[in-house]
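Please look over the sequence and the model below.

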There are 2 protein chains.
Amino acid sequence: VLGRRARCGCQLIAMPATAAWQPAFADRSAHVRASEIRDLLKVLDRPGIISFAGGIPNPQLFPRDRIAAELSAIQQHQALGPAAFQYSVTEGYGPLRGWIVQHMGSLGVVCDIDNIVVTSGSQQALDLLGKLFLQSQDTALVARPTYLGALQAFNAYQTHYDTLNTGSNAPTVATYRARAAGRGGRVSLAYVVSEHANPTGTTLPLEERRKLLDLSEQLDIPIVEDAAYQGLHYDGEPAISCLSLEFQRRGSIEACRVVYCGTFSKTVAPGLRVGWICAAKAVTRQIALIKQGSDLHTGSLSQMLIYEVVRRAYADQVAKVVAVYRRRRDILLDALNRYLRSDAQWTPPAGGMFVWVTLYRKIDAADLLRSALETHNIAFVPGAPFYYNEAEVNTLRLSFSLPEEASIAEGVERLAQTLHTYKPSEPHV
Amino acid sequence: VLGRRARCGCQLIAMPATAAWQPAFADRSAHVRASEIRDLLKVLDRPGIISFAGGIPNPQLFPRDRIAAELSAIQQHQALGPAAFQYSVTEGYGPLRGWIVQHMGSLGVVCDIDNIVVTSGSQQALDLLGKLFLQSQDTALVARPTYLGALQAFNAYQTHYDTLNTGSNAPTVATYRARAAGRGGRVSLAYVVSEHANPTGTTLPLEERRKLLDLSEQLDIPIVEDAAYQGLHYDGEPAISCLSLEFQRRGSIEACRVVYCGTFSKTVAPGLRVGWICAAKAVTRQIALIKQGSDLHTGSLSQMLIYEVVRRAYADQVAKVVAVYRRRRDILLDALNRYLRSDAQWTPPAGGMFVWVTLYRKIDAADLLRSALETHNIAFVPGAPFYYNEAEVNTLRLSFSLPEEASIAEGVERLAQTLHTYKPSEPHV
């Protein structure tokens, strides 16, 4: 093991006696830590395992034949062929941005192409927005728990966190401000996965969306709306996005503080790495400059392939994904009711990929996972990494996008058996 | 025009009377400015224009048929097909990292797959390395002039610059340190385009490489070696890369301070956005964590396509590119000798895409460009943006990768005519 030194002086790992170079990193590097989920994913190809762990789309749903056909057409096209492999403009492929303008219009947001920047997945959008808005020691308001990848993106800017609360017991604006000042900075953004959130599966109610917009106005901060799961809606009326709601209030996207982050990763294919930001031009113009220094532009071929697929088949593709995931969610909820009712509670999600489970016993779900892998060959994600601060460790995330329909019930039964036979590990000394 | 406020209080653009939101950005945002090259590129599709401006590969050389065939094979493959469109690990596609290990071995660098992280082009490598090493107010050592994209990547971390000098009049280590301290930080990296540099076309001589390694040891800082043009070598013996030279000194990559940034953008196709970092594991391990928060991973399909192309045809592909660019360079140098000898000097490059021209008259090349576009329908890149500080404005960059062979001589003749009829613009009031 090589030693690492953070510049702040913390010794992260003991330095061994070796001639290996011991680089000194910028302080922000000390905030970037390995992800437990990431290490976990390494065991998921074990034979016979039933995994609720991977929060990733089902590859059987990727429109692979269509993408291959589109590539062939692009390659043979006189102008598109060379362009697909050449450098392109930072803001993104024009026709794709045009399609996104139409798509945002269908959500009730009137905008134009200059309000759109294509990003390398919505993860890059979070990084770019962190870079744009988060000063060192500033505070970001986030849910507890929240998307781990957002914490990873923001951590690199030496960010503190406070809990975004739009309920009846919400802190006052003055309290948010005072707490942030106590941490040496200001509140500089709020982050929310607005629909079918990762990891909780919950959707922000309309009344809380209104309060969130009020809060953003009072603090004069952007709301980073992560709409990754917006298209994956299974029951009832879909929620109105925060950006759409603010657009109704203000009548112009230029007056909106919501920065909408969309992605094709959950609906089409994540491996192409194409997402987008839709926001006021004051934001998108600066994001484009930052993106230029970050990766010049998102892959040209990837953007063209996404465009050719979505312009022809977006609605069909989403309908296909929704039908499969809805059925799996129903099977998972049935199984939870059958096997886990006396051990845990959960909130049935109206969309997305996740059910968030809170165990009645105060068990550390990370330790339970060790046991689940050893004794029953099942996997899930323990809840702790989704908390920016002290975690509720008796929580876990079940993803229903990947496991086969036929194995979901058995997986939950095994989870119940694991719980019933589980004994906590000896604490490590 | 919307107003922009940097948090430091600078008013960047006058605020208009409008209800548009005026976001407050993090201070680092004030260091991120629009690129002149970028604005310039917008006029390059004018009919009849002869452009030496775009520093981009010739799209006629992209192996498009091969890429399309490989995609078809990947798509039909049982395991690769789904994987090409799915999320993948942050460090990169295993077989591609394995190929890069072999490639680095051919350069004399013995390493293993954990010394390699695939990046979204080498531009992302520069951003990730800036994030890892550059503390706010630190100093990066760079050439004058240097690659504009490196300055753009590093600027986002509120970086100061000092001139990297490995000549006989180089400052002492104590001087570098004292200057950096005077700017409020430390010297925390040196950046060098080691071969056929953008914009100057020059290659660091072996003796200066040795001094650079000494400097990096004395300051205990990484050398970020941008090897983007290393494969495009046209005459004589290729230089030994800085990393290879340090490997010879130390016998293990783990002891090396050079961080090598490679790319497939100049040899295969930039639009796929695939590059790599090769460095000690103490660096690559941390880079992978930072990259995870930045974009999760580089496009899966892009990496697979690059792998299938390079494992079958890398040498052939490079040979094809080299043959075409070498001929164009020769034509350009001939034309410069014929038409521009009395007006300017330049250094003949042994590779790459660029000739750097210094005009004898103290003309601002940005103003000359305006005149060149208006009167003679030719384009080039003025030198000023490549300087981190006060520029030598009577410089310009000619790229020979894009213009047709038959138009290069005429383009230079037009440049000479532009110079001979040029009168400086009235200064703007």
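In what order do the 7 strands of the open sheet in chain A lie? The model is a predicted one, and in it the order of these strands is 5-11-10-9-8-6-7, with mixed pairing. Strand 5 (116-119) and strand 7 (160-163) of chain A each have a single partner strand, so they form the edges and one side of each has no neighbour in the sheet. On average, neighbouring strands of this sheet are turned by 25 degrees against each other, direction ignored.

Within this sheet, strand 9 (residues 223-226) and strand 10 (residues 258-263) of chain A run parallel and are joined by 4 bridges. One residue pair in this stretch is A:Val224 with its bridge partner A:Val259, the latter in strand 10 of chain A.

Helix 5 (residues 121-133) of chain A lies across strand 5, strand 8 (187-193), strand 9, strand 10 and strand 11 (275-278) of chain A. Its direction is at about 155 degrees to strand 10 of chain A. Helix 10 (residues 281-295) of chain A also packs on the sheet, where it touches strand 5, strand 10 and strand 11 of chain A. The direction of helix 10 makes about 30 degrees with that of strand 5 of chain A.

Another open sheet in chain A is formed by 4 strands in the order 12-13-16-15, and its pairing is antiparallel. Strand 12 (344-346) and strand 15 (381-382) of chain A are the edge strands, each pairing on one side only. Strand 12 of chain A pairs with strand 13 (residues 354-359) of chain A over 3 bridges in the antiparallel sense. Here A:Trp346 stands opposite A:Val357, which belongs to strand 13 of chain A.

Next come the aromatic side chains. Over all chains, 24 aromatic pairs are found in the structure. One of them is A:Trp21 with B:Phe133: the ring centres are 6.4 Å apart and the planes lie at 20 degrees, so the pair counts as stacked. A:Trp21 is in the loop between strand 2 (11-13) and strand 3 (24-25) of chain A, while B:Phe133 is in helix 5 (residues 121-133) of chain B, so the pair joins two chains.

Some details of the backbone deserve a look. Most residues other than glycine have a negative phi, and most peptide bonds are trans. A cis peptide bond links A:Arg144 to A:Pro145, with omega about -5 degrees, and A:Pro145 sits in the loop between strand 6 (139-142) and helix 6 (148-155) of chain A. In chain B, the bond from B:Asn198 to B:Pro199 is cis, with omega near 15 degrees. B:Pro199 is in the loop between strand 8 (187-193) and helix 8 (206-219) of chain B. A:Arg273, a residue other than glycine, has a positive phi, near 55 degrees. A:Arg273 is placed in the loop between strand 10 and strand 11 of chain A.

By class, the lining of the largest cavity divides into 2 nonpolar, 10 polar and 4 charged residues.

How values were computed. Residues numbered from 1 in each chain as written. Chains lettered and ligands numbered in written order. Predicted model: local features only at pLDDT ≥ 70, side-chain atom pairs only at ≥ 80, totals over all residues. Heavy atoms only, no water. Nonpolar A, V, L, I, M, F, W, Y, C, P; charged D, E, K, R; others polar. Pairing = 2+ DSSP bridges. Axes fitted to C-alpha atoms, helices over the stretch in contact; angles between N-to-C directions. Contact = heavy atoms within 4.5 Å. Phe/Tyr/Trp six-rings, centres within 6.5 Å; stacked < 30°, edge-to-face > 60°.
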